[in-house]
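Dear colleague,

I am passing on the structure we spoke about, and my notes follow below it.

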Amino acid sequence: MSQIDQYKKDIKGYSAKNADEVEAFRIKYLGTKGIVKNVMGEMRNVPNENKKEFGLILNAFKIAAEERYEVLKEQLSSSEETAATNIDWSLPGDPMPVGTRHPLSIVRNQMVSIFKRLGFAVAEGPEMEDDWHNFTALNLPENHPARDMQDTFYLNQNPDYLLRTHTSSVQARIMEKQKPPIRIVCPGRVYRNETISARAHCFFHQVEGLYVDENVSFADLKQTLYFFVQEMFGKGVKVRFRPSYFPFTEPSAEMDISCTVCGGTGCSLCKHTGWVEILGCGMVHPKLLENFKIDSNKYTGFAFGMGVERICQLKFRVNDLRLYSQNDIRFLRQFTGAV
Ligand SMILES: [Zn+2]
């Protein structure tokens, strides 16, 4: 009994300066090996006739410990509140630097939003691709010479898994599971096994488009791309198409725009021709449609693809591809407020 009285005095006099000391109190008195549990265990040594009386005392002791614990917690939280209200709100804040959007993101977003206004939906796919979606399904069978132009990084060979060389693989994936009408743009990062220089990089970004439906013609292709150029580079920018070759389109063309720097009179950017190439395009090869079980007698389509870096170069006059991935803040800061 005298021991319990001593404990009660200790409990009453216990004060805690911080959360650790409150926790120490809990462990000491209320923990699974604490004093309260320990004293409770003494019950078995008490003669039967005294059990009731002793039980009441023990219970009172237990309640005293629990109440003290609640009081200590209360005191602690109110002292923390006092500390919080001691902050001087009139002090000037710490300056927080605001980041900027990456120029490639700015341009990609603009490109996508222009096509969205024409009813194109955004489609995305994996950067790690298999041979079928990246090459074979797109009319680039094994040993096709055009594959040499798109050497990439293989993750595995036979069966081939690789880093996609173009976002056309997303077009393949969409045609595989969706029936016409299909009207999509595919923005994304692509890879090539190239030596890094000012004009080439081992990765870059593309925005490709695909439109498959009944009666889609080359006139639709021209008008769509003409609209894009007018929105992207301003009214009055001219376009021209040159015949070209891609395995996945027939006929194929490359599109130039009148030089945005000199306006067509000739400068170093356009190599004094007045024109700069911005994209490749064409009518979807019937074999591709058949690869995806789309009836090529009923449906036709057009596709185009362009590099985001190229458009960015023309818009912002960035003349070294390496700048995009060097994370040099002096470069990135120049795009503050560009959108
Ligand atoms: Zn020029």
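Let me begin with the metal site, where the donor residues of the zinc ion follow the spacing C-x2-C-x4-C-x2-C in sequence. Please keep in mind throughout that this is a predicted model. The protein donors are the SG atoms of Cys 259, Cys 262, Cys 267 and Cys 270, and they lie 2.2 to 2.3 Å from the zinc ion. The arrangement is tetrahedral, because the four donor atoms around the zinc ion subtend angles of 106 to 114 degrees. Two of these cysteines can also be described by their accessibility: Cys 262 has a relative accessible area of 18% and is therefore buried, the cut-off being under 20%, while Cys 270 is buried with a relative accessible area of 3%.

Turning to the strands, S7 (residues 239-246) and S8 (249-258) form a hairpin with two residues between them. Their pairing is antiparallel and runs over seven bridges, and within it Pro 243 stands opposite Ala 253 in S8.

Elsewhere in the chain, three strands make up an open sheet in the order S2-S4-S3, with antiparallel pairing. Its edges are strand S2 (128-130) and strand S3 (154-156), each of which pairs on one side only, and the twist from one strand to the next averages 35 degrees. Strand S3 is joined to strand S4 (residues 161-163) by two bridges, and Tyr 154 is found opposite Leu 162 in S4.

The interior deserves a careful look as well. In soluble globular proteins, nonpolar side chains tend to be buried together. Here the largest nonpolar core has 42 residues, of which Met 111, Phe 233, Ile 257, Ile 278 and Phe 304 touch the most other members. Among the elements that give two or more residues to this core are helix H5 (103-117), helix H8 (218-233), strand S8, strand S9 (275-284) and strand S10 (300-307). A second, separate core holds 24 residues, including Phe 135, Leu 210, Phe 248 and Phe 292.

Which residues does Phe 304 touch? Leaving aside residues up to four places away in sequence, its contacts include Phe 115, Val 185, Val 207, Leu 225 and Leu 279, and also Gln 171 and Glu 208.

With best wishes

Notes:
Residues numbered from 1 in each chain as written. Predicted model: local features only at pLDDT ≥ 70, side-chain atom pairs only at ≥ 80, totals over all residues. Heavy atoms only, no water. Pairing = 2+ DSSP bridges. Helix = DSSP H or I, 4+ residues; strand = E, 2+ residues; numbered from the N terminus. Axes fitted to C-alpha atoms, helices over the stretch in contact; angles between N-to-C directions. Core = buried A, V, L, I, M, F, W, Y, C linked by side-chain atoms within 4.5 Å. Buried < 20%, exposed > 50% of the residue type's maximum accessible area, 1.4 Å probe, protein only. Contact = heavy atoms within 4.5 Å. Donors = N, O, S within 2.8 Å, 3.2 Å for Na, K, Ca; no water. Tetrahedral: all angles 85-135°; square planar, octahedral: opposite > 155°, others 65-115°.
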